[in-house]
Amino acid sequence: MAGDPPLRIFQILRAPVGGLFRHVRDLTEELGRRGHAVGVIADSLTSDALTAERLEGLRPFASLGIHNLPMPRTLGVADFTTPYRIRKMGRALAVDVMHGHGAKGGLGARFGRSLGQVSLNTPHGGVLNYKPGSMAGRFFRNAERNIGLITDAYIFESAYAQRAFHEQVGEPPCREAVIHNGLAPAEFAPVPLDPDARDFVFIGEFRDVKGIPVLVEALETLRRPDGRPATIAMAGGGPDFELWRQQIAERGLAERIELLGVRPARDALRRGNVLVVPSLAESLPYVILEGAAAGRHVISTTVGGIAEIFGPTAENLVPPGDVAALRTAMQRALDDPVAAGSEAEQRLDFIRPRFSIAHMTDQIEALYREVLAKRRAGAP
């Protein structure tokens, strides 16, 4: 914040992949631009060329360095030794804030905290990813309840994630906040359509949980107002990609479904007029934010925190796994593009001030200072 001294911060995570890493990357870069001294600590056990490249990209914003320490995926000896090394490093570098991300990052941040420092945890699923009722699930949830006692604050990326944590772990005995992920200013620029763009576009992994079977079945009988069959471009890879390539051919849909492979979201958005995200389970998917920010009409389901992105248009979400409801929503977009465009504008107006990287970082930085002031004042 203006006039406040810069902070010295460690961002701690296990693997630089997925939405968790995007969040850490965006936060690290913005904090670095604001003059804070940031260091990044990640796992050394799974390091490869791509991992190294992603972390190296943060170096210009990480004046406290990029550090690799062992963080095993499952329980291991390093879960006891790595926090000690983080604590030693944090003291040497006079760190103020230990911010852990995910289960292992959260472990390192809290057990690595020293006197005068604060530890925050953003679970990103974390212990909630273990199957409820399983032995591992019970062990790690109980552990999280105990570690909560040495946590200064929890940050949840959605109210949905917060509710899930309360239900499965319990309400934290410390400060907690819902702070949504954000997008960069350039991601709010409109994405033009290719001249030969399809009616719809899907961006995501080819897995059943992403609603692929529901989407393909809904598409089969869709028609444009002029009677021609509706079309879609599908971007992504995943374990079932080849299976669905074969299924699409066998159903006679190869001319109507364009398979793009893995592409950046904004590149894929050029290939379709309406983004469809028919997921059966989600948290707070970046792809919906990206599509809405680019000005696309978005059709999605009532799962996870998606309603938090849709805001005043949340009533238009469809039930997950409901082919008829998804088909109706897609047909409506084909039949009345003006109404679809109006809804897209309303959603964009809602997310623009609420889902930016600047807004996200403002809130996280303020929380850092709040809990740090409380800790240094000697408050319990």
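Start with R376 and D96. The two form a salt bridge, with the closest N and O atoms 2.7 Å apart. A salt bridge here is a side-chain nitrogen of Lys or Arg within 4 Å of a carboxyl oxygen of Asp or Glu. This pair links distant parts of the chain, 280 residues apart: R376 sits in helix α14 (residues 357-376), and D96 in the loop between α3 and β4 (97-101). Helices (H or I, at least four residues) and strands (E, at least two) are DSSP runs, numbered from the N terminus. D96 is buried, at a relative accessible area of 11%. Buried means under 20% relative accessible area, exposed over 50%, and partly exposed in between (1.4 Å probe, protein chains only).

A word on the source: this is a predicted model, where local features need pLDDT of at least 70 and side-chain atom pairs count only at pLDDT 80 or more, while totals for chains, interfaces and linings use all residues. Residues are numbered from 1 along each chain as its sequence is written, and side-chain values use heavy atoms, with hydrogens and water left out.

Next, select R110 and E144. Their side chains meet in a salt bridge (2.5 Å, N to O). R110 belongs to helix α4 (residues 102-111) and E144 to helix α5 (residues 135-147), 34 residues apart. Both R110 and E144 are buried.

Now pick R34 and E30. Another salt bridge joins their side chains (3.1 Å, N to O). R34 is partly exposed, at 29% relative accessibility. E30 is buried, at 16%.

Move to helices α10 (residues 286-293) and α13 (residues 337-351). Their axes come within 9 Å and cross at roughly 115 degrees. Axes are lines fitted to C-alpha atoms, for helices over the stretch in contact, and angles run from 0 to 180 degrees between N-to-C directions. How do α10 and α13 lie to each other? They are roughly perpendicular. Angles of 65 to 115 degrees count as roughly perpendicular, under 35 as roughly parallel, over 145 as roughly antiparallel and the rest as oblique.

Last stop: F80, in helix α3 (residues 78-92). F80 is exposed, with a relative accessible area of 64%.
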